[in-house]
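Here is a briefing on one protein structure.

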Amino acid sequence: MDENALIHSAQNGDLDSFNTLILHYQDSVFHTALRIIGDEDLAQDAAQEAFISAFRNVASFRGGSFKAWLMRMVTNACYDEFRRQKRRPTTPLEPDTADGEEMDSPRWLADKGMTPAEKFEADELEHAIQHCLDALPTDFRSVVVLADIQGMDYSEVATASRVPLGTIKSRLARARLRLRECLRSFEELLPSSFRLQEEGDL
Amino acid sequence: MKKFRDIEQLSAYLDGQLSPSDSARVESRTSSDPELDSVLSDLRAARGILRKLPQRKAPRNFTLTRAMVGLKPPLPRTFSIFRFSSAFATILLVLTFAANILAPKMGFGAAAPVAEYALGMGGGGGCDTCSPEMFAADAPAATEAPVATELPALAPPIETGITATPELLPMSTETIRIAAPTEIPTAKDAGTLEVPQDQPPVTNDALIPLTWQIGLLVIVLLSALIMYGLRQSAIRKWK
């Protein structure tokens with residue numbers, strides 16, 4: 001795949017060329033959206049929005065890493081999704097049972113934090129990591145997803161996030177620190193090679 | 001707790017983002033400081049866990065359709081010609097309607113030429129918007145004309161278009177009769193006055209003829225139909 005040729009064609013309005021690029025990057029884009037948002041359906045929406053936005057703005061792409069540019073679209077789409085959720089929370093005010101009666105103890109009233117039993121039962125490492133990612137501030141989360149999950153270098157992350165390199169460095173360090181703290185509570189789920197060392201008097 | 005600056009350095013060191021000299025400094029510090037080395041190990045483990053996270057496949061294709069991105073089929077050049085003609089004809093059509101509605105109210109239109117004609121002929125043609133004072137101001141001497149003042153009060157009024165005979169009435173009297181033709185003529189005058197046969201009848205015809213409007217409407221509809229056909233044809237070809 002000649003990426004530059006496809007980008008050039010897309011910049012001239014060739015949708016088929018852009019769709020070829022989409023097929024190449026859609027897994028990365030969706031995975032990034034999923035890790036930032038933490039919800040599969042919303043991540044699909046964000047990924048779709050990101051691609052639509054990318055096609056409409058592909059003429060403004062001036063070279064460099066296309067993946068980083070695409071990731072900027074997806075992180076923006078995720079931020080838009082967060083803003084939408086803030087404006088229009090989807091939690092029902094009066095959740096009903098299947099019989100139409102009001103629930104005595106609806107789930108939405110429960111503490112969002114995981115109980116020890118739930119932690120213990122979280123048999124998938126992925127869920128645990130996602131839980132820790134969700135606990136991060138959005139800005140930190142997007143940086144750590146791009147750098148550590150997508151494996152992008154600092155300059156690419158800076159391009160995607162539109163923040164200076166120094167800020168990326170700082171946010172990444174803070175995000176890793178917080179993740180370290182969070183993952184410590186899921187120690188038993190972690191592979192032995194990744195067991196975190198006992199925390200000292202840091 | 002280590003300074004955040006140290007942790008930031010360790011994080012950047014893990015990613016190979018430090019200069020060789022800074023990297024060497026970090027390595028020497030971690031080797032001499034077990035606490036710092038422990039932090040480095042934790043950061044490395046956290047990063048390793050994230051990097052080992054399995055990549056989730058997209059559950060569906062996110063390829064775009066033309067409708068999704070609002071792309072429209074390329075239209076032939078003739079389309080713009082028809083679009084222009086349709087728009088132009090529509091504007092003209094609206095203007096003709098507006099002209100026909102507003103012209104009588106503004107004092108233009110069909111009544112104006114008739115009034116001019118009547119005045120030009122010296123007859124008592126209608127001037128709907130004219131008042132007797134307007135004429136009186138222009139011809140103050142006419143109001144003092146002896147013929148006008150001598151007219152009997154009970155004389156029946158006659159229709160418009162009365163012309164005074166030149167030998168009986170001076171020009172000033174004629175002017176007065178134009179201004180108020182239904183008040184001044186009398187039965188006595190009726191015998192001396194004659195109604196001209198060649199004066200066109202006053203009509204309420206529209207300023208813009210109906211045929212023009214129909215023509216414009218046909219242009220609008222035809223252009224719209226042709227544009228629709230061209231668009232559908234372009235869409236079919238595009239698919």
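A:E126 and A:R35 are both buried, where buried means under 20% relative accessible area, exposed over 50%, and partly exposed in between (1.4 Å probe, protein chains only). The two form a salt bridge, with the closest N and O atoms 2.7 Å apart. A salt bridge here is a side-chain nitrogen of Lys or Arg within 4 Å of a carboxyl oxygen of Asp or Glu.

This is a predicted model: local features need pLDDT of at least 70, side-chain atom pairs count only at pLDDT 80 or more, and totals for chains, interfaces and linings use all residues. Residues are numbered from 1 along each chain as its sequence is written, chains are lettered from A and ligands numbered from 1 in the order in which they are written, and side-chain values use heavy atoms, with hydrogens and water left out.

**Salt bridges**

- Over all chains, the structure holds 16 salt bridges.
- A:E126 sits in helix 6 (residues 125–135) of chain A and A:R35 in helix 2 of chain A, so their pair ties together parts 91 residues apart in sequence. Helices (H or I, at least four residues) are DSSP runs, numbered from the N terminus.
- B:R56 pairs with A:E40 in a salt bridge, the closest N and O atoms being 2.6 Å apart. This pair crosses between chains, from the loop between helix 3 and helix 4 (77–106) of chain B to helix 3 of chain A.
- B:R56 counts as partly exposed at 27% relative accessibility. A:E40 is also partly exposed, at 32%.
- B:R47 and B:D15 meet through their side chains in a salt bridge (2.9 Å, N to O). B:R47 is in helix 3 of chain B and B:D15 in the loop between helix 1 and helix 2 (20–32) of chain B, so the pair ties together parts 32 residues apart in sequence.
- Both B:R47 and B:D15 are buried. Shared partners join A:D148, A:R176, B:D15, B:R47 and B:R51 into one network of salt bridges.
- Within that network, the side chains of A:R176 and B:D15 meet in a salt bridge (2.9 Å, N to O).

**Interface of chain B and chain A**

- Contact (heavy atoms within 4.5 Å) links 43 residues of chain B with 49 residues of chain A.
- The two chains bury about 4,400 Å² between them, 63% of it on carbon and sulfur atoms. Buried area is the accessible area (1.4 Å probe) that two parts lose on being put together, summed over both.
- B:L50, B:R56 and B:F62 supply 17% of the area that chain B buries against chain A, more than any other three residues.
- The rule finds 7 salt bridges across this interface.
- There are 18 residue pairs in polar contact between the chains (both at pLDDT 80 or more). A polar contact is a pair of N or O atoms within 3.5 Å; within protein, one must be able to donate a hydrogen and the other to accept it, and residues adjacent in sequence count only if both atoms are side-chain atoms.
- Helix 3 of chain B gives the most to the side of chain B that touches chain A, with 14 residues.

**Nonpolar core**

- The largest nonpolar core has 78 residues, of which A:F18, A:F66, A:L133, A:V144 and B:L64 touch the most other members. Such a core is a set of buried Ala, Val, Leu, Ile, Met, Phe, Trp, Tyr and Cys residues joined through side-chain atoms within 4.5 Å.
- Helix 2 of chain A provides the largest share of this core, 11 residues.
- Beyond residues up to four places away in sequence, A:V144 touches A:L133, A:L136, A:I149, A:L172, A:A175, A:L179 and B:L50.

**Local details in chain A**

- A:V74 is in helix 4 of chain A and is buried, with a relative accessible area of 0%.
- Leaving aside neighbours within four places in sequence, A:V74 is in contact with A:V29, A:T32, A:A33 and A:A50.
- A:D39 caps the N-terminal end of helix 3 of chain A, with a side-chain oxygen 3.1 Å from the backbone nitrogen of A:D41.
- A:R162 has a positive phi of about 60° although it is not a glycine. A:R162 is exposed, with a relative accessible area of 61%.

Key: Helix = DSSP H or I, 4+ residues; strand = E, 2+ residues; numbered from the N terminus.
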